[in-house]
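Biologist: I have not seen this structure before. Could you take me through it?

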Amino acid sequence: MLENIWLYLVIAAVILIGGLSALVTTRRRRGGTGTIDEAPPRAGAPEPGAEDDDGGVATAAPPDQRAPAEQVDEAPVTADQVETAPAVEQPESAAGRMVRLRARLARSGALGATLLNLLSRGDLTESDWEEIEETLLLADVGAGPTDELMDALRTKVKVLGTSEPGQVRAMVREELLGLVNPDLDRRLAASPVVGDDGQPHPATILMVGVNGTGKTTTVGKLARLLVAEDRDVLLGAADTFRAAAADQLATWGQRVGVEVVRSEREGADPASVAFDAVKTGRESGVDAVIVDTAGRLQNKAGLMDELGKIRRVVSRGAPVSEVLLVLDATTGQNGMRQAQVFAEAVEITGIVLTKLDGTAKGGIVVSVQRELGVPVKFVGLGEGPDDLAPFDPEAFVDALLEAPAET
């Protein structure tokens, strides 16, 4: 019996000594570095939840009383352990974009092709003229511009009396170009400006539009275009109602090395986010700040009033250089009604037409400019990241008059 008791005591002693050794080892290991997601504790900082002798939360000792940190040998970092940052893309320059995209626009050039075909018949009947008028209206040229073009074509056909394709094409080109109006100033105000306070401010560009027009994507593409022109750009994610909008914008920015100002709280005040973006842009000294706003329905008065609020709040931080309305070219006359309501809510300075390559309704370029009195400044002609081009009236009309490529 006595031998068994001694045996139990020896076993207990061994267990106790082993436990104490493990505890000491564990405490010594606490001096190592933290993980990537969690910063290491400050030197001299108390352990979480640790209490001093009086029962209160322990405080760190002053710097001159802190014990020196224990030296820890760290293994060298290998190349496989280093996370490589994603490469920043080099966007395509503005020069040549319209040339590259011209073929895509020509595929939807039903307007020009139909006019050339009809006018080349010679000895046009009244039925032919009615077909020409219908073609123009279906292409969303608009009633007023259609009447003007019809009168001009009737007069020239009567005077020239020719059906020679080259002359007919020259005649149609001249009239269409006149409707598109090449004299409008289509430059984008993307250079820093001096505010009322006498200080330099970045150009502030607000992007507005209806849900589904590709507004956020257009913001990203416009940022790429400005980066290609060696401009410093910052993006503001003021679309706080759509959960994925800020993430989508951040992805666009990351690809070309552009910072994005956003709110981590869904449903935050969009005017506040826009103001913070402009403030950050001014402090960073960027050339332009592009603010993405939430898509909204043109028949929702509250949403449109909020858009006006965003502009007013932003203008307190910097002059608003541009307000670009993003329109889907495939919506036709419905897009015209949208444009009118937006123009009433906030002063529009330019139009961006998206999806222009997927429609025969190129006449909306004419009608929207006539209705709003502002130019089309950019057109979207595809889904690629660099498929946004400055609008060139002559290249546009020439593309409409090109024969569609064989498929």
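Modeller: A definition comes first: a crossing of two helices is right-handed if the near helix is turned clockwise from the far one by less than a right angle, and left-handed if it is turned anticlockwise. Please also keep in mind that this is a predicted model.

Biologist: Understood. What is the handedness of the crossing of α5 and α6?

Modeller: The crossing of α5 and α6 is right-handed. Helix α5 covers residues 143-160 and helix α6 covers residues 165-180. They pack at an angle of about 155°, and their axes are 11 Å apart. Because angles over 145 degrees count as roughly antiparallel, α5 is described as roughly antiparallel to α6.

Biologist: Which residues of α5 and α6 meet?

Modeller: From α5, the residues are P145, E148, L149, A152, L153, K156, V157 and L160. They meet M171, E174, E175, L176 and L179 of α6. By class, this contact of α5 with α6 has nine nonpolar and four charged residues, and no polar ones.

Biologist: How do the axes of α6 and α13 cross?

Modeller: Helix α13 spans residues 393-401, and its axis comes within 10 Å of that of α6. The two axes cross at roughly 135°, so α6 and α13 are oblique to each other. The crossing of α6 and α13 is right-handed. On the α6 side, the contact is made by R169, V172, R173, L176, L177 and V180. On the α13 side, it is made by P393, E394, F396, V397, D398 and L401. This contact of α6 with α13 divides into eight nonpolar, no polar and four charged residues.

Biologist: Which residues line the largest cavity?

Modeller: The lining consists of L111, V141, L149, L176, L179, V180, G362, G363, V366, F396 and L400. The elements that give two or more residues to this lining are α6 and α13. The largest share, three residues, comes from α6. By class, the lining of the largest cavity has nine nonpolar residues, two polar ones and no charged ones.

Biologist: And what is the volume of the second largest pocket?

Modeller: The second largest pocket has a volume of about 230 Å³. It is lined by 14 residues, and those nearest its centre are K221, T354, K355, G382 and E383. Helix α7, which covers residues 215-228, gives the most to this lining, with three residues.

Biologist: How do the residues of that pocket lining divide by class?

Modeller: The lining of the second largest pocket has one nonpolar, eight polar and five charged residues.

Biologist: One last pair, please. At what angle do the axes of α11 and α12 cross?

Modeller: Helix α11 covers residues 333-345 and helix α12 covers residues 364-372. Their axes come within 10 Å and cross at roughly 25°. Angles under 35 degrees count as roughly parallel, and α11 and α12 are therefore roughly parallel to each other. The crossing of α11 and α12 is right-handed.

Biologist: Which residues meet between α11 and α12?

Modeller: Q333, M336, A339, Q340 and A343 of α11 meet S367, V368, E371 and L372 of α12. This contact of α11 with α12 has five nonpolar, three polar and one charged residue.

Notes. Residues numbered from 1 in each chain as written. Predicted model: local features only at pLDDT ≥ 70, side-chain atom pairs only at ≥ 80, totals over all residues. Heavy atoms only, no water. Axes fitted to C-alpha atoms, helices over the stretch in contact; angles between N-to-C directions. Helix = DSSP H or I, 4+ residues; strand = E, 2+ residues; numbered from the N terminus. Parallel < 35°, antiparallel > 145°, perpendicular 65-115°, else oblique. Contact = heavy atoms within 4.5 Å. Nonpolar A, V, L, I, M, F, W, Y, C, P; charged D, E, K, R; others polar. 1 Å grid on protein atoms, 1.4 Å probe; cavity = no way out; pocket = protein on both sides within 12 Å on 5 of 7 lines; lining within 4 Å. Points joined across faces, edges and corners; volume = space filled by probe spheres on them.
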